[in-house]
Structures are given as C-alpha cells and as structure tokens.
Amino acid sequence: MIRVVLPPHLRTLAHVTGDVELEVDSPVTLRSVLDALETRYPMLRGTIRDHDTLQRRAFLRYFACEQDLSHEPPDTHLPDAVVRGAEPFIVLGAIAGG
Amino acid sequence: MSKVRVLVGTRKGAFILTSDGKREKWDVSGPLFTGWEIYHFKGSSADPNRLYASQTSGWFGQVIQRSDDGGKTWHQPGTPPGESTQTPDGQPKGESNKFVYDASPETGKPLTTHQFYDGTQHPWEFKRVWHLEPSLKDPNTVYAGVEDAAIFRSTDGGVSWHELSGLRGHGTGPKWQPGAGGMCLHTIILDPSNPQRIWIAISAAGAFRTDDGGKSWKPINRGLKSQYIPDPNAEVGHCVHHIAMNPSRPGVLFMQKHWDVMRSDDAGENWREVSGNLPTDFGFVIDVHTHEPETIYVVPIKSDGEHFVHEGKLRVYRSRSGGNEWEPLTKGLPQSNCYVNVLRDAMAVDTLDKCGVYFGTTGGQVYASADAGDSWNPIVRDLPAVLSVEVQTLS
C-alpha cells in the first residue's frame with residue numbers, strides 16, 4: 001500500500017482528510033503512483049500534472065525519504081520504504097512569496 | 001417578494017450575499033473554495049440554481065465548480081470519484097478543467113503564437129479561466145474566456161470544453177499581446193435577440209464579434225485610439241478592459257478601454273469616445289442601468305501607473321445621456337484616504353424596479369445601491385480583494 005501526502009488544497013478537492021492509500025502494481029514509479037492517484041481521484045487531474053504532457057506543475061514538488069524527486073524522470077522507481085508503505089510519497093506545494 | 005443573490009469572487013475564495021428586494025439587510029455566506037482565486041462566479045439566467053465558478057491557483061491550476069442548488073452544494077462537473085476516466089472504447093472522458101487549444105486543421109486555422117512582452121512570438125499556453133458566461137437559454141451551455149486568450153464552450157454543464165477556434169484562427173493572432181495582467185479574454189456578451197451573435201474582448205487585442213455562433217470572428221475596433229500603437233487605424237492590439245450592453249438594445253455597446261470610455265451604436269462596427277467630463281478616463285468596470293439603456297456607470301481610476309481611485313475618493317460616475325455628461329455618485333462612499341481599485345468584472349446590476357447597482361473593490365468592500373447609484377451602503381467591508389461581482393434577481 002502506497003501512502004501519498006497531498007497539500008491541503010488538493011485534499012479538499014479530493015474530499016479526503018489525511019494521507020491517501022493506494023494499491024499500485026510493481027514497479028512503483030513516479031508515473032504509476034500519480035496515475036493511480038488520478039484514477040482514484042479524477043478531480044485531481046490537471047492539478048498536479050498537465051493533462052496531456054503529464055509534466056509536473058511548476059510550483060509543485062515531489063518528495064520521498066528526504067529526497068527531492070521533482071526532477072526525476074517519470075519512470076523513476078520510488079524508494080523501497082515508499083513501496084513498503086513505511087514512508088509516504090509527498091506532493092508538496094512549493095513555498096513562494098515573501 | 002423578490003430576492004437578490006450577489007455572487008462575489010475574491011483572491012481567496014467566493015462569497016454569496018443575499019437580501020430581500022429592499023436590499024437593506026444582507027446575509028453573508030462563505031468563504032467557498034477557501035484560499036483559491038475565484039476569477040469569476042456567475043449564475044444561469046435559464047436556471048438560477050445553476051451556478052458556475054472559476055477556481056484557480058498558481059500552484060494547482062484551473063478548477064471549474066458547479067452548483068445545481070443555488071450555491072448550497074458544489075462539485076467539479078467531471079468524472080465522479082472511483083469511476084473510470086476513460087470510456088469503454090478507451091477514449092478519455094470529459095474533464096471539467098481541461099482546456100486544450102484546438103490544433104486541428106479541420107476546424108479552422110488555429111494559430112500557434114502571439115506577440116510576447118519582448119516583441120517575439122510566443123506559443124499559446126493555457127493559464128486560467130477569467131470569465132464564465134452561461135447561455136441565456138440552456139443551463140448546460142456555458143462559455144469560458146481564458147488566458148491565453150481564447151473562447152471555449154461547454155454544452156454538458158461544464159464537464160468538457162471545446163474551443164471556438166475561429167477566433168484565434170482568423171488571422172491577427174500574431175499581433176495580440178498580453179497586458180500587464182496577461183493575455184486574457186475577459187468579456188463575453190451574448191446577444192439576446194440573435195443566438196448566433198457573441199461579442200468578446202481581449203487584453204490586449206481588442207473587441208471581436210461573431211455572427212455565426214462562433215465559427216468566424218471579426219475584429220471590431222474601428223475608432224479606438226491607443227497611444228502605444230503607432231498605427232491610428234490598427235485593427236487589433238487595443239487594451240479593451242470591459243464592455244457592457246443593455247439586453248433591450250443589443251446593438252448599443254459601452255466600453256471602458258485602458259484609457260477612454262467609448263460607445264458604439266452599430267454593434268461594434270464603429271466606436272466614438274464619450275469620456276466627456278470624467279476626471280480621468282482610465283478604468284476597468286463599466287455597466288448599464290437595467291431599465292434606462294442610456295444610463296451607464298464607470299469608476300474612474302487615476303492612471304495606468306496608479307491603479308487606485310482619483311484623489312483618494314471612491315466615486316462612481318453615472319451618465320444619463322449615454323456618455324459625455326457624467327455626475328459623481330458619492331453618498332455613502334469614502335471620500336478621503338481611499339486607494340482601492342474596482343476590477344473589470346466587479347460591477348453588476350439587478351433587475352428590480354429600482355435598479356440595484358453593486359461593485360466590489362480590491363480593498364475587500366462590496367457596496368450596494370438600491371436606488372440606481374444615488375446612495376451606497378457597504379454589504380461587507382473586509383473581504384479579500386474582490387475580483388468579480390455578479391447578481392441574480394430571484395422571484
């Protein structure tokens with residue numbers, strides 16, 4: 001079971017209050033987790049990745065196990081701790097402003 | 001007794017303000033869609049319980065929200081949770097926040113670039129929906145004006161959107177350019193007497209009209225003068241801020257341009273300036289009295305470099321002669337130390353016998369006048385910056 005942490009605004013859109021848990025077939029990659037997330041919660045399509053290019057929106061980042069995965073290719077395998085469900089995959093709204 | 005429902009979009013959510021026909025006591029509900037920019041929020045005249053909202057964010061992009069019960073509950077009109085996003089034959093289902101520019105050769109000659117700030121050509125990129133205009137007849141049909149400038153239509157209640165690509169494809173696109181707020185299609189006016197006719201306006205391209213339901217469009221900017229365009233007869237490139245029309249006279253249009261207040265008596269074919277004695281003719285909003293089609297309202301703003309009201313006084317100016325002769329309306333409005341702006345979609349009129357006028361400011365106030373502008377009262381004072389104000393008159 002993959003645990004996904006969403007930013008608060010996306011939790012509101014998805015009508016969830018805590019972490020999201022997803023069944024994802026092996027191999028577990030950036031792409032397969034986000035595909036599974038958008039299949040379960042279609043209202044999130046377009047809010048994390050572009051509908052067609054699937055490129056990450058500029059102000060969002062992907063983290064797992066204290067690693068910034070934002071610039072990794074979509075077929076990058078996620079760390080074992082994420083695959084085991086011990087650590088979450090985090091979609092983070094980048095802090096901007098000041 | 002009639003009621004009014006004022007729909008307010010702000011930088012950080014939406015609010016619904018309701019009152020009876022006296023328009024003295026108000027109930028304020030919200031915020032809805034907390035923390036998101038609500039660029040526009042409008043109800044269907046065919047079904048007042050059908051509301052559409054454009055919810056947008058620099059982080060998360062565009063979301064379309066719909067209510068079928070007058071704003072009590074909301075949903076994104078796309079695929080329900082848990083349901084496949086593909087049809088049985090593998091085609092993607094409609095998605096309410098998917099605005100894809102038409103690039104097919106069959107439906108026009110879509111352009112791929114417009115002029116950018118530095119004068120180079122730049123590809124069209126979808127950013128957000130600025131304006132949602134529900135059909136006058138069908139609650140499931142709604143038009144969206146978007147940035148980068150284009151018009152889309154949904155005929156399934158916002159579930160899926162298709163571009164009316166003849167607008168971008170008609171030939172002048174490479175001369176369109178973004179204003180300071182982006183290259184946005186912000187005004188959509190539907191002709192109640194002719195369902196094939198639509199007017200739109202773009203900053204900074206100008207005004208356009210279709211007479212065939214959106215297949216083909218023509219620029220209608222003759223008579224507009226813009227200091228920054230060397231060619232006095234430029235067909236496009238004008239920074240039109242807003243256009244208003246009284247439904248009883250669809251051929252008569254009033255425009256607040258970047259500078260200059262203009263009118264057209266021939267459906268936009270020709271424009272003439274009616275700024276008259278305004279203290280400054282820069283501004284964003286313009287609207288028309290419901291029952292007096294020669295009575296129009298603007299809020300003069302000091303300049304394009306100082307986006308706040310002139311002399312620290314919040315004054316709505318009213319002309320009862322279709323322009324040129326203007327009177328300041330100040331009763332109930334702050335007349336010192338006021339430095340707010342009133343953005344282009346932030347004024348509306350109701351249809352009650354004594355026309356109500358409403359506007360919102362970047363300082364978060366929403367003012368109402370139940371006597372056509374003679375006097376004003378704040379409904380609320382401390383909302384986030386107001387982006388849009390619309391009103392529904394309910395029986």
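Okay, some housekeeping. Residues count from 1 along each chain as its sequence is written, and chains are lettered from A, with ligands numbered from 1, in the order in which they are written. Since the model is predicted, local features need pLDDT of at least 70 and side-chain atom pairs count only at pLDDT 80 or more, while totals for chains, interfaces and linings use all residues.

Let's start with chain A. It has 3 helices and 5 strands; those are DSSP runs numbered from the N terminus, helices being H or I with at least four residues and strands being E with at least two. Reading from the N terminus, the elements go β-α-β-α-β-β-α-β. The radius of gyration of chain A, taken over C-alpha atoms, is 12 Å, close to the 13 Å from the globule rule for 98 residues, so chain A is as compact as a globular protein of that length. That rule, by the way, is 2.2 Å times the number of residues to the power 0.38. The C-alpha atoms of chain A fill a box of roughly 35 × 25 × 25 Å along the principal axes.

How much of chain A is buried? Buried residues are 30% of its 98. I call a residue buried if 20 or more other C-beta atoms lie within 10 Å of its own, exposed if 12 or fewer do, and partly exposed in between, with C-beta atoms placed from the backbone.

Now chain B, which has 0 helices and 29 strands. Its radius of gyration is 20 Å against 21 Å from the globule rule for 395 residues, so chain B, too, is as compact as a globular protein of its length. Along the principal axes, the C-alpha trace of chain B spans about 65 × 50 × 40 Å. Buried residues make up 51% of the 395 residues in chain B.

Two sheets in chain B are worth a look. The 4-stranded one is open, runs E3-E2-E1-E29 and has antiparallel pairing; strands pair if DSSP finds at least two bridges between them. E3 (27–32) and E29 (386–394) of chain B sit at the edges with a single partner strand each, so one side of each has no neighbour in the sheet. Neighbouring strands here are turned by 15 degrees on average, direction ignored; the axes are lines fitted to C-alpha atoms, for helices over the stretch in contact, and angles run from 0 to 180 degrees between N-to-C directions. Strand E1 (residues 3–10) of chain B pairs with E29(B) in the antiparallel sense over 8 bridges, and Thr10(B) stands opposite Val386(B) in E29(B).

The other open sheet has 3 strands in the order E4-E5-E6 of chain B, again with antiparallel pairing. E4 (37–43) and E6 of chain B are the edge strands, each with a single partner, so each has one side without a neighbour in the sheet. E4(B) and E5(B) (residues 51–57) share 6 bridges. Across that pair, Phe41(B) faces Ala53(B) and His40(B) faces Ser54(B). So is E4(B) covered or open? Mostly covered: 7 of its 7 residues are buried.Moving inside, the largest nonpolar core has 131 residues. Such a core is a set of buried Ala, Val, Leu, Ile, Met, Phe, Trp, Tyr and Cys residues joined through C-beta atoms within 7 Å. Those with the most contacts inside it are Val33(A), Val8(B), Ile243(B), Tyr358(B), Val366(B) and Val389(B). Leaving out residues up to four places away in sequence, Tyr358(B) touches several others, including Val6(B), Met347(B), Val366(B) and Val389(B). Contact here means C-beta atoms, placed from the backbone, within 7 Å.

Glu95(B) is buried, with 22 other C-beta atoms within 10 Å. Its C-alpha is 4.9 Å from that of Gly78(B), 17 residues away in sequence.

Last, where the chains meet: 19 residues of chain B are in contact with 17 residues of chain A. On the chain B side, strand E6 (residues 61–67) gives the most, with 3 residues. By class, that side has 6 nonpolar, 11 polar and 2 charged residues. Nonpolar covers Ala, Val, Leu, Ile, Met, Phe, Trp, Tyr, Cys and Pro; charged covers Asp, Glu, Lys and Arg; polar is the others, Gly among them.

Terms used
Two residues are in contact if their C-beta atoms, placed from the backbone, lie within 7 Å.
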